[in-house]
Amino acid sequence: MLEMLQLPYSGSDPLTLGICLDKSRAKEILTYHKIPNAKFLVASRMKDITGTNFEFPLIVKPISEGSSKGIFSSSFVKNTKELEDEVGRILTSYNQPALIEEFLPGREFTVAVLGNGDETEVLPIIEIRYEDFPEDVVPLYSYEAKWILDTKENNFDVFECPAKLNKQLQEKIKETVLRTYNVLKCKDWSRIDVRLDKNGVSNIIEINPLPGIMPDPNENSSFPKAACAAGMDYNQMIQRVLYSAAKRYGLL
Ligand SMILES: Nc1ncnc2c1ncn2[C@@H]1O[C@H](COP(=O)(O)OP(=O)(O)OP(=O)(O)O)[C@@H](O)[C@H]1O
Ligand SMILES: [Mg+2]
């Protein structure tokens, strides 16, 4: 609507938002550009999983959701029976295909990006430290972790920002994230989730071109957390997004 009305707006265009909402489409584009991401399969019907030879454990998630909707500890599946149960759950409860992915067992990061072109900036990297999770909780930044363990009242401190990284890994994550931002034509800002595979290679989990930005630091919203580590307060963060958009439209 804004485009029809020729009103400038901040953030990515509908094509990028749509592609990133369909995690399999986004992964197809990453794969074309040789950006590492977990091997995957889309199941639109139960029979799509017969004869698959993926190595367990796997993760099963709705193809088009966010904020860990539909991702519970049970989404981490270790055998065919669990796989069938989870695919069935996604198909019936979420009325959309299930995305089945090989599980990336390594460290997890989420990376906020601001700006466009040569001025694109990667903000301090956040690590989600699974060592600090309760012992019986599966190492997933799941619905339980985001919304049950982590509440405003409950001090859930599993985040390290800036993440402790050696120079080489830090540069690799930044490079992978920036390439992802560019090939998906993200504009002004995004938050990109990354996890290391069994060989320590940074893989893209997903791209959030419209990241959550809950203002209260106790809510542990990642983009504001990274902005704060970069020395910005909440208003400065919002203004940086706005100025990036204004500059992109030639309005400054
Ligand atoms: N292939 C994978 N291997 C290992 N862990 C994964 C994989 N895919 C997802 N996860 C775990 O599940 C979490 C949620 O997955 P994902 O980021 O795709 O969901 P989301 O609901 O879109 O998240 P967001 O809140 O960032 O929008 C990840 O942060 C990660 O912990
Ligand atoms: Mg995510």
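Begin with the aromatic rings, where the count comes to 4 aromatic pairs, a pair being rings of Phe, Tyr and Trp (its six-membered ring) whose centres lie within 6.5 Å, with planes under 30 degrees apart called stacked, over 60 edge-to-face and the rest tilted. Select Phe72 and Tyr143: their ring centres are 5.4 Å apart and their planes stand at 55°, so this pair is tilted. Phe72 sits in the loop between β2 (58-62) and β3 (76-77), while Tyr143 belongs to helix α4, so the pair ties together parts that are 71 residues apart in sequence. Helices (H or I, at least four residues) and strands (E, at least two) are DSSP runs, numbered from the N terminus.

Before going further, note that this is a predicted model, in which local features need pLDDT of at least 70 and side-chain atom pairs count only at pLDDT 80 or more, while totals for chains, interfaces and linings use all residues. Residues are numbered from 1 along each chain as its sequence is written, chains are lettered from A and ligands numbered from 1 in the order in which they are written, and side-chain values use heavy atoms, with hydrogens and water left out.

Next, colour the chain by domain: the assignment, which is an automatic or database one, gives domain 1 (1-22 + 104-252) and domain 2 (39-103). Their centres, taken over C-alpha atoms, are separated by 24 Å. Where the domains meet, 15 residues of domain 1 are in contact with 13 residues of domain 2, contact meaning heavy atoms within 4.5 Å. Together the two domains bury about 1,300 Å², 58% of it on carbon and sulfur atoms; buried area is the accessible area (1.4 Å probe) that two parts lose on being put together, summed over both. On the domain 1 side that touches domain 2, helix α4 (residues 143-149) gives the most, with 4 residues.

Which charged pair can you select next? The side chains of Lys39 and Glu102 meet in a salt bridge (4.0 Å, N to O), defined as a side-chain nitrogen of Lys or Arg within 4 Å of a carboxyl oxygen of Asp or Glu. Lys39 lies in the loop between α2 (23-32) and β1 (40-43) and Glu102 in strand β4 (residues 98-102), so this pair ties together parts that are 63 residues apart in sequence. The structure holds 22 salt bridges, but the count between domain 1 and domain 2 is 0.

Finish with the backbone. Most residues other than glycine have a negative phi, and most peptide bonds are trans. Select Phe56 and Pro57, whose peptide bond is cis, with omega near 0°; Pro57 is placed in the loop between β1 and β2. Another cis peptide bond joins Cys161 and Pro162, with omega about -5°, and Pro162 is in the loop between β8 (159-160) and α5 (167-183). Lastly, Lys34, in the loop between α2 and β1, has a positive phi near 60°.
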